[in-house]
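Reader: I am new to this structure and would like to go through it with you. Could you take me through it step by step?

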Amino acid sequence: MNSMKKAWLGVLCVVFLVGLLAACSNDNSGSNVNSNAGVNNNGTETTGNEEQPSEGASDGILRTGQGPADKFSAAWADYGGLFKTQVFRRLLMLDEQLQPVHYDLATAYTMSDDEKTYTFTLRDDVKWHDGEPFTPEDVKWSLAMAVQSAQINAVFSGAFGKIVGADALKAGEADELSGVTIDGNTLTIELTEPVGVFLLTMAQWPPYPKHLLESEDPATLHLASFWEKPIGNGPYMLTEVVPNNYAMLELYPDYYGTAPKVEKIMLQTISEDQLVTKAQAGELDYMPVMDLNQATEIVKSPDYEANPVDLLYVRFLMPNLVGQNATTDGNDKIADLRIRQALLHAIDRESLAGMLYPDQAEVLQTLVPTALPEYNEEAVVYDYNPEKAKQLLEEAGFDFNQTIRLQYYYTDQQTVDLIDTIKFFWEEIGVKVEASLMQGNLLELIYTKRDYDFLYAGLSAMAFEEAYGFFHSDGIGVQVVGASPDKWDPLVDELRRTSDPDDRMDVINRLQAMEAEFLTRMPLFSMKQYVIVNKSNLETAGIYGNEWTNYDRKLEEWSMK
Amino acid sequence: MQAAEKSSLAMRNWEKLRRNRLAVTGFVIIALMSLAAILAPLLTPYDPGAVNLAKRVQPPSWAHLLGTDKLGRDVLARLLYGARLSIVIGLCSALGGALIGTVLGCFSGYFGGWFDKVMLRVSELFMTFPQIILILILVVFFGQGVFNLIFIFAITGWSGTYRLVRARFFSLRQESYVEACRAFGIGEASIMFKHILPNTLSPVIVSITLMTAGFILAESGLSFLGLGVPSGIPTWGNIINAAKAIDVIQNNPWLWIPPGVTISLFVLGTNFFGDGLRDVLDPNQ
Amino acid sequence: MRDVFKYFTFRFLSIIPMLLLVIVIIFAGLQLTPGDPLAYMIPPEQLGSADFDIEAYKKAMGLDAPVYIQFFQWFGDLLQGELGFSLVDGSAISKMLANRLPATLELAFAALAVSSVLGILLGLVSSIRQNSAVDYGNTALGVLGISVPEFFVGIIAIQVFAITLGWLPVSGRIGYGDVTFFDRIDYLVMPALVLGFSLTAALMRYTRGTMLDVLGKDYVKTARSKGLPEWKVITKHAFRNALMPVVLLLVFRLPLLIGGTVIIESVFGWPGMGGMLLDAVSAKDYPVVMICTMLVAFMVLLASFLVDLLTALLDPRVRFE
């Protein structure tokens, strides 16, 4: 009897051990598969042995973030960053004034006088990383996919929606974009109406390889298995991908342009809160950082420098003017303009920016940062003035017994601190405030449930079309701030059509004046971004721009020390 | 007569407990910290929510014994007021869990049968299922908030008590005094709750003590993951969670060491006390 | 013999309806949660822009079909071994698991191994030398282990061992050029020890308790009175009997292998199931949460089956005839 039990126990132990071994060996084979997927397994092994003693430094590898999760994210919604700009190229490239005038995949372009027809002459020496040639057909197909794509930046989809035949394609009445034609190496794109940001779009939007993605559904293109190890046409190609850990970029020998000097880039999968420790361990050479506290901590090491970058990134309070119940006449609590003015006067934005975000945030008067040439200096300015705030509230007959609901959806500590402070400022003028984190389906909560009076929100836009399109009555914003077709629509439409810089400046000025007058958004700050560089390892070309766009970093001049 | 016997038993237990140095230490820690929490308004002149941007991130001084945080709020005041909530969350969750466990354990142990079989399986599932995952999923259901958290902790933490009570009932229901009660025609409910239940209470008290410690830790863990009590409300978990950024850890130790030590110390005290109680009340040892 | 087989087969089969029940409950529960994954797929900044088409998006992601169809669709695929796709980035869940599960298994197994060996050893020593300095030391260490929040220990460990001393990497699991398990063991050391620390404490206390319990039993006293040497009493009589509850506790910990490491993973940037589950839960990524929970539930049921099995095999009172 006892022996039988022992036998059973033995069997059980063996099964358990085998199970564990299976789990472990599975693990090993998993990573083998990954390195096999890279070009040379042997290569990685030898370099691995060599670099073992030296901890991260001076092995010629540029270490940055943006590593893969289970797969990489596609390049049409978020299109910037070192990885997506170096693996995928665009037709045009920005110059140092951020104007889309340099050529990249295109060698020339023309725009017709009515701004409705563009022709691009494409290079014929470009190859995808799998050796297939890049052709105008790739661009045409990509444009058609982009028109139908669900996950794509609003500026791209806004621009491509104006291509002749886009509507028919979306409705399923046509198989391809009739407005895009190919003649040899020339691509012609016809638009139904002028699109001011069309060239900018072509400097930011990368075409994909048709031959690898042809069978994908446009709606799920961004989810394709292609993104486990994307094939691009830039100077760097992916050679090794270890999901959730890192990926290696190495020089693509058949790249059409000047080959960069940095031979390998390591994309590490790291979260925001690990940036500082990674840098302190010397494992980051180049990285954009949003939080100045982190940047400050990193540059305490003499190896690092932090380079501030101005970009269109703004934070604001969005009033819910429609109210929770759209059938009534709006949100009585804050419908009176004087109440919103008072609440903005009550916030000491200067000291908030100075104390909470020292050197990082600039107080914002309209959605356009004051440092930009587009800023309208004549727009109304709301300075910190609690006395005036109280007086305005009295005048408006504000009911001090009601509670103002302030919501936010960012979860970082600085936001929480900021919200606590705004709450404090409002309580100082006698307003009751209830602050809470918005969680769950943000879309539904922001636009349909609207269970707030103010929402702390952010906007990072590549173009003002994105920032002001919100107020157009075809935009989603009407559900919160209400439609005012006679005010916003003509101006926004004008902006969308206009491409001449001076004319655009004029429209943007008028938009700002309107915005400041009616406070349909209460601007707080514009924020800087920082690019940290490990000087002891990396020498860059010294050009730092909005890391989340495609700009000319002059990567070919970069070198490792 | 009975009362005298009871009190002499209590006296004996008290003596035993008093001789257990760790338990006494634990009790002193809990008592002092709870007292400090209750007397918070007397111990600090500061309002835990009062923002003072001019006095951000000040190191400890006579004015601010534990310094100020990123919004210029007094850390000591936040810790004292936070103690109120953290202890309440821990204790209420433990009480709730114990209540559920005791009631289910009573029925399960007394009546046995299919109810017992099913409940035993269910309790096994609850014990084995990693608590953190269960809580994560439930937080999604019920949302964040003090009451939700207590509710979630209570419904994830009943199985231990349930098994204790059930086992006790199992052995006690065959005791002769229960038989005697039945023979006298005393109702089932009365037997269960009046005659058997009191005899199961000592292990339950021990488990409440230890569960309180566990839930205070769990609250801080959830806050660390950003899923605990909404951040504006001071709890120990939230205070330490606000200080987990690496720059804070390196430059402002007064923002994370005091809450870290406070949580650890309180939980330590509770565990010592609970262990001591167990040694005294558990007849097995 | 046949009875044993029958008993185990019955217990094993009884897992299946439980598993189905779990799946249905989880699905129903997840359907009732407010909100959908949509919001997490698009950065909030982008939500505000004018041209975003919500309906087309919902259609593309299969979010507009009736609930029961969604369920059967998914369940059918499941039976064919297709675990479905994440709603967030469309990754095949089987692939996500293949990426993530080994990491968690590795970490949890290391932590379990460390904590089991240490916990049982320390617990044994403590019980044999009850009330000695060693016992008090162990008890204090043990109480510390369950009193200090594990993320707190983790953060301090990173500060000390990774940044100040520079002995171990700060976070992650695999470094460039690491090919074998031993190349990357330096990444495993800290998280495994920190996780093991809290597990050790509980196991040690438990071992000590059951050993003391057993040492007070009559048969141990009898063995002692028969003049058996103390080490023999302890190994042969006491430990063997104390082992069962300890082993059961270990078996109860098996589900940790799938997802009990959430906090430690988040502290050490360990790319395992915990982080995946955390992301999925906050993104309301139904399929991923369901598969994870199902896996954990499977481990739970397996563990309870193993508990039955071990109880039957280890307990001398249970006979199959």
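Author: Let us begin with a term: a residue is called buried when its relative accessible area is under 20%, exposed when it is over 50%, and partly exposed in between. Please keep in mind that this is a predicted model.

Reader: Is A:Lys210 buried or exposed, then?

Author: A:Lys210 has a relative accessible area of 19%, so it falls under the 20% limit and counts as buried.

Reader: Which residue forms a salt bridge with A:Lys210?

Author: The partner is A:Glu214, and the closest N and O atoms of the pair are 3.6 Å apart. A:Glu214 is partly exposed, with a relative accessible area of 48%.

Reader: How many salt bridges are there over all chains?

Author: The search of the whole structure finds 22. One of them joins A:Glu547 to A:Arg553, with 2.6 Å between the closest N and O atoms.

Reader: Are A:Glu547 and A:Arg553 buried or exposed?

Author: A:Glu547 is buried, at a relative accessible area of 0%. A:Arg553 is buried as well, at 1%.

Reader: What about A:Arg510 and A:Glu494?

Author: Their side chains meet in a salt bridge, at 2.9 Å from N to O. This pair links distant parts of the chain: A:Arg510 belongs to helix 20 (residues 501-518) of chain A and A:Glu494 to helix 19 (residues 488-497) of chain A, and the two are 16 residues apart. A:Arg510 is partly exposed, with a relative accessible area of 34%, and A:Glu494 is also partly exposed, at 27%.

Reader: Let me step back to chain A in general. How many helices and strands are there in chain A?

Author: Chain A has 20 helices and 19 strands. It consists of 561 residues, of which 59% count as buried. Among the contacts in chain A with a separation of 6 or more, 71% are between residues 24 or more positions apart.

Reader: Why is helix 12 of chain A described as largely enclosed by the rest of the structure?

Author: Helix 12 (residues 337-345) of chain A is described so because 7 of its 9 residues are buried. Those buried residues are A:Ile339, A:Arg340, A:Gln341, A:Ala342, A:Leu343, A:Leu344 and A:His345.

Reader: Which residue caps the N-terminal end of helix 12 of chain A?

Author: A:Asp336 does, with a side-chain oxygen 2.8 Å from the backbone nitrogen of A:Arg338.

Reader: On to the backbone. What is the phi of A:Leu519?

Author: A:Leu519 has a positive phi of about 50 degrees, although it is not a glycine. A:Leu519 lies in the loop between helix 20 and strand 17 (522-534) of chain A, and it is buried, at 1% relative accessibility.

Reader: And what is the phi of A:Lys554?

Author: The phi of A:Lys554 is near 55 degrees, again a positive value in a residue other than glycine. A:Lys554 is in the loop between strand 18 (538-539) and strand 19 (559-560) of chain A, and it is partly exposed, with a relative accessible area of 24%.

Reader: Now the other chain. How many residues of chain B are in contact with chain A?

Author: There are 17 residues of chain B in contact with 20 residues of chain A. The area buried between the two chains is about 1500 Å², and carbon and sulfur atoms give 53% of it. B:Val51, B:Leu53 and B:Ile246 supply 31% of the area that chain B buries against chain A, more than any other three residues.

Reader: How many salt bridges cross that interface of chain B and chain A?

Author: The rule finds 1. In a salt bridge, the side chains of B:Arg73 and A:Asp420 meet at 3.2 Å, N to O. B:Arg73 and A:Asp420 are also linked with B:Asp69 and B:Arg78 in a network of salt bridges.

Note on methods
Residues are numbered from 1 along each chain as its sequence is written. Chains are lettered from A and ligands numbered from 1 in the order in which they are written. This is a predicted model: local features need pLDDT of at least 70, side-chain atom pairs count only at pLDDT 80 or more; totals for chains, interfaces and linings use all residues. Side-chain values use heavy atoms; hydrogens and water are left out. Contact means heavy atoms within 4.5 Å. Buried area is the accessible area (1.4 Å probe) that two parts lose on being put together, summed over both. A salt bridge is a side-chain nitrogen of Lys or Arg within 4 Å of a carboxyl oxygen of Asp or Glu. Helices (H or I, at least four residues) and strands (E, at least two) are DSSP runs, numbered from the N terminus. Buried means under 20% relative accessible area, exposed over 50%, partly exposed in between (1.4 Å probe, protein chains only). A polar contact is a pair of N or O atoms within 3.5 Å; within protein, one must be able to donate a hydrogen and the other to accept it, and residues adjacent in sequence count only if both atoms are side-chain atoms.
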